[in-house]
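Here's a quick briefing to read alongside the model. Have the sequence and the 3D view open and follow along.

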Amino acid sequence: MIRALPLLLALGGCAGVQTPLDPWGEQAGRIATLTWVLFIGGHVIFVLVMGLLAWSLLAPGSLRHVLGSRGFVIGGGIVFPTVTLAVLLAWSLGVSRALTLPGSDAPLRIEVIARQYWWEVRYPDLGEVVTANELHLPRGREVELHLSSADVIHSLWVPNLHGKMDMIPGRVNRLRLTAARTGTLRGQCTEFCGLQHALMAFWTVVHEPEEFEAWAARQREPVAPPADPELARGMAAFGTHGCGACHAVRGTEWQGRLAPDLSRVGSRLSLAAGALENHRGTLAGWIAGAQDIKPGNSMPSYGRSIEGPELLALATWLESLR
Ligand code: CUA
């Protein structure tokens, strides 16, 4: 069992929601193939060279002589590596090119904007659907991510779908990808962007096309004032405490653009860019102690300035926004 452990650990990395070795689409597939060829080829050559080394040390003199011949040194020391590396270079450049070539004329455009410390996601093709820390994709349709930044450098990486791409202020980088499977994948920032770099994850949800349309339609619906008195109290607290200065809620007077759009916050898989599971308890905890959970982020801790029952009503209302 102990001896099998390294093998199990190695194989355990081949499947999962955040691994380049379990490709969910063509782009990640190309990268995975390149990875395996380099990995296996490198090991084959290593074993070959070690074999030759053992031969040169252990074989009888007459055979050893072969290794010292001019032909072997030129063939094995110059021709073989030159040809091998040239072929690999040409092939990997071809793979890089294939990764940047458009697959269709009309991909779905999705804008992802890097912020300290969260991800804003906008769907201009779908009637200005806006969300945060979550990427929703239709299966089988090519999307083009337009990656920009407001105030920080992040690097977006969903390893099951594509390679990494930097998000730099003053520039728009584009990443085209097609997800071939439905399900949920984890993405992560891979560029040190400050103290909260480790808490810069996000979920990617791949839907069947019709399910994706339904999701988008739901996002576009305005938030109506709730009939339930507890929820109404929560919504009022949102106004009283000035949350709307930074956050937007569709269909209300609150249209802040500095922080995540909360129109459908209750439906999200995580809070604070993957830092917390999303439910009433963590919503309340985040409002009261955002700086304790993720120090240095732009959300203030409301602490004792909001009383328990009011905080609970606010968290309950936010949770109801699905
Ligand atoms: Cu963004 Cu690390």
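Predicted model: local features only at pLDDT ≥ 70, side-chain atom pairs only at ≥ 80, totals over all residues.

Residues are numbered from 1 along each chain as its sequence is written, and side-chain values use heavy atoms, with hydrogens and water left out. Helices (H or I, at least four residues) and strands (E, at least two) are DSSP runs, numbered from the N terminus.

- Strands β9 (residues 183–189) and β10 (residues 201–207) are antiparallel partners over six bridges; Gly 183 has Val 206 in β10 as its bridge partner.

**Helix packing**

- Axes are lines fitted to C-alpha atoms, for helices over the stretch in contact, and angles run from 0 to 180 degrees between N-to-C directions.
- Helices α2 (residues 26–58) and α4 (residues 70–100) have axes that come within 10 Å and cross at roughly 170 degrees. The two are therefore roughly antiparallel to each other; angles under 35 degrees count as roughly parallel, over 145 as roughly antiparallel, 65 to 115 as roughly perpendicular and the rest as oblique.
- Residues making that contact (heavy atoms within 4.5 Å) include Ile 31, Leu 34 and Leu 38 of α2, and Phe 80, Leu 88 and Trp 91 of α4.
- By class, the α2–α4 contact has 13 nonpolar, four polar and one charged residues. Ala, Val, Leu, Ile, Met, Phe, Trp, Tyr, Cys and Pro count as nonpolar, Asp, Glu, Lys and Arg as charged, and the others, Gly among them, as polar.
- Helix α6 (residues 229–240) packs on helix α8 (residues 308–320) at an angle of about 100 degrees, the axes 7 Å apart, which makes them roughly perpendicular.
- Among the residues in this contact are Leu 231, Met 235 and Phe 238 of α6, with Leu 312, Trp 317 and Leu 318 of α8. The class count for α6 with α8 is 10 nonpolar, three polar and three charged residues.

**Salt bridges**

- The whole structure has 13 salt bridges, each being a side-chain nitrogen of Lys or Arg within 4 Å of a carboxyl oxygen of Asp or Glu.
- Glu 120 and Arg 257 form one at 3.7 Å, N to O. They sit 137 residues apart, with Glu 120 in β2 (residues 118–123) and Arg 257 in the loop between α6 and β11 (270–271).
- Glu 120 counts as buried because its relative accessibility is 3%, whereas Arg 257, at 47%, is partly exposed. Buried means under 20% relative accessible area, exposed over 50%, partly exposed in between (1.4 Å probe, protein chains only).
- Arg 176 in β8 (residues 173–177) and Glu 144 in β5 (residues 143–149) are 32 residues apart, yet their side chains meet in a salt bridge of 2.9 Å, N to O.
- Both ends are buried: Arg 176 at 15% and Glu 144 at 10%.
- Salt bridges with shared partners join Arg 115, Glu 120, Arg 122, Glu 128 and Arg 257 into one network.
- In the Arg 122–Glu 128 bridge, the closest N and O atoms are 3.3 Å apart; Arg 122 is buried at 11%, while Glu 128 is partly exposed at 37%.

**Leu 135 in its setting**

- Leu 135 belongs to strand β4 (residues 134–138) and, at 3% relative accessibility, counts as buried.
- Beyond its neighbours within four places in sequence, Leu 135 contacts residues including Ile 110, Val 121, Tyr 123, Leu 145, Phe 202 and Val 205.
- Val 121 is 14 residues from Leu 135 along the chain, and their C-alpha atoms are separated by 6.9 Å.

Notes. Pairing = 2+ DSSP bridges.
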